[in-house]
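Please look through the sequence and the model below before reading on. The notes that follow are grouped by topic.

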Amino acid sequence: MQNFFPILAWLKTYKKGDFIKDLLAGFTVGIILIPQGMAYAMIAGLPPVYGLYAALFPTFMYVFLGTSRQLAVGPVAMDSLLVAAGLGALSLATTEDYIAMAIVLAFLVGATQFLLGLFRMGFLVNFMSKPVISGFTSGAAIIIMFSQLKHLLGANIEGSSKFIQLLKNVFSKIGETNMYDFAIGLVGIILIVVFKKVNKKLPTILFVVVLGILSVYFFRLDQYGVKIVGAIPDGLPSFGVPNITIKNILDIWPIAVTLAFVGYLEAISIGKALEEKSGKETINPNQELKAIGSANMVGSFFSSFPVTASFSRSAINYEAGAKTNLASLFSVIMVVVVLLFLTPLFFYLPKAILASIIMVSVFGLIDVAYPKELWKHRKDELLVLLATFICTVFIGIKEGILVGVLFSLLLMVYRTSKPHFAVLGNVKDSDYYKNVSRFGSEVITREDLLIVRFDAQLYFGNSSFFKSELYKHIEKKGPALKGVILNAEAINYIDSSAAQMLEKVIREIHEKNIQFYVAGAIGPARDIIFTSGIITELHREFLFVKTSEAVTYFDEPKEISILRAKVAHQKNFN
């Protein structure tokens, strides 16, 4: 039970002194969550109240199932944009249809995540490398910011998940700008930025929300065309089963899978970052998949759209001193109080204020430092980042992720197809053998002996490269060469294609009256050597634990070498 309900593990050791810390952290996050939730619902193309619904049951479920102690789960900007991008392509007729599909999407996202967790497939998220994540989040942040210009300008601007189209839509309606809306939004942005620089712990967003509401109410700015949130339905969301059909699944499964991976990636990345700060490792990746998946599935029965962990709220939760998931429970209580008693207070909340909150929040997602670092040290990975960024901004959200992952895999394949190949020399007065190109005059090489090291697994993708590099160095040695030693310490696997190649290479080298040796082969590679035809060509007496042993064997008279090899093999391999 503790494996599926981690709360049972930490609740029995819960300290009374942590209660006040969790209470204060929960209320602090709740203050941020309420306006943010409504703002992120607007990004998703939903009425603001659905952001509050998404902050209820999903967060509540994570309290019981999550393994991170500080993660704040609920509506987030990235997932909201993906919801808008995915559902916007379906041409749904009415707002009710759109809301219904967003709820169905939440269930499918949750079901995907839960199944991945059940089958322990959390490792799949590793295929989304950091350059892909950085390029995607930066591109998505720009689209989110521009998508909020319609609220900042108070103009009826059609939305889009493509930057160029969004830009065209903005310029076509810029003449309809409501200066009151623009002024409110601009002041909101300035106040949030300034107060954050003064003191990050100040409830800046709450202050801006209150100021916006009071400004509209006392100056009757709604009569001047200022767009306001208006009446928010009070009461808690009712239970309802999502209307899932085969057609729904076929329509939205690509965006559901994308959201499942992106949502989990956000949660696990934020959770790991907070673990590093706190020094306590509690996160179980597969349990996190089940927790986030359950949060989305259960949330869909109570009118929630897809959710995951929020970077900003999780950071605030940590900084406010949260010790356990109980802090999130207090945030949920705050949302419940607002829905039951305080929704009329948000009637005059300007949408431009919500836009200013969103724009400042997602601006921090635009990562400039990381591309600069890649430019200095990893230009190949910078290309992956830029490809992801450009595709996300100019082609589409889903396409950006797909292209990024594809480029990452291609880069990985390219690297493994041409791994590091080193010629080794003996470090003076020692049994150590190091890379000649790195250690230069510090190592001794011989004309009659070639020692090489291959720093990767041998497989069909790099077997030709291995063969060509080996033959190139053999030719450099010339007729004086009498022995070749392969240091196989870094070779953890040899596939069937590479095994056949190695058999042929050993046979051809032997035909040139050059002896071939293998040193340092670890267990998995040694098993393959013995179960394939390699051992037939190599013979057991030419397989050694250390490179120095192979060199000793090469230098000794034949009779002594054979005797020594037999003793060594009995000791080390049998």
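**Strands and cores in a predicted model**

In strand 7, Val484 is the residue that Leu450 stands opposite. This is a predicted model, in which local features need pLDDT of at least 70 and side-chain atom pairs count only at pLDDT 80 or more, while totals for chains, interfaces and linings use all residues. Residues are numbered from 1 along each chain as its sequence is written, and side-chain values use heavy atoms, with hydrogens and water left out.

**Strand 6 and its partners**

- Strands here are DSSP runs (E, at least two residues), as helices are (H or I, at least four), both numbered from the N terminus.
- Strand 6 (residues 449-454) pairs with strand 7 (residues 483-487) in the parallel sense over 5 bridges, where pairing requires that DSSP finds at least two bridges between two strands.
- With strand 3, strand 6 pairs in the antiparallel sense over 3 bridges, and Val423 stands opposite Val452 of strand 6.
- In a regular strand the side chains alternate between the two faces of the sheet.
- In strand 6, Leu449, Ile451 and Arg453 on one side and Leu450, Val452 and Phe454 on the other are all buried, buried meaning under 20% relative accessible area, exposed over 50% and partly exposed in between (1.4 Å probe, protein chains only).

**Val427 in strand 3**

- Val427 lies in strand 3 (residues 421-427) and is partly exposed, with a relative accessible area of 22%.
- Leaving aside neighbours within four places in sequence, Val427 is in contact (heavy atoms within 4.5 Å) with Tyr432, Lys434, Glu442 and Val443.
- Although Val427 and Glu442 are 15 residues apart along the chain, their C-alpha atoms are separated by 6.1 Å.

**Nonpolar cores**

- A nonpolar core is a set of buried Ala, Val, Leu, Ile, Met, Phe, Trp, Tyr and Cys residues joined through side-chain atoms within 4.5 Å.
- The largest such core has 102 residues, of which Leu46, Leu105, Phe346 and Leu349 touch the most other members.
- Helix 12 (residues 246-278) contributes the largest share of this core, 10 residues.
- A second, separate core of 49 residues includes Leu486, Met501, Ile506 and Ala519.
- Not counting residues up to four places away in sequence, Leu349 touches Met38, Val209, Ile213, Lys227, Ile228, Val229 and Leu354.

**The exposed Leu345**

- Leu345 has its place in the loop between helix 15 (326-342) and helix 16 (351-363).
- Leu345 counts as exposed because its relative accessibility is 54%.
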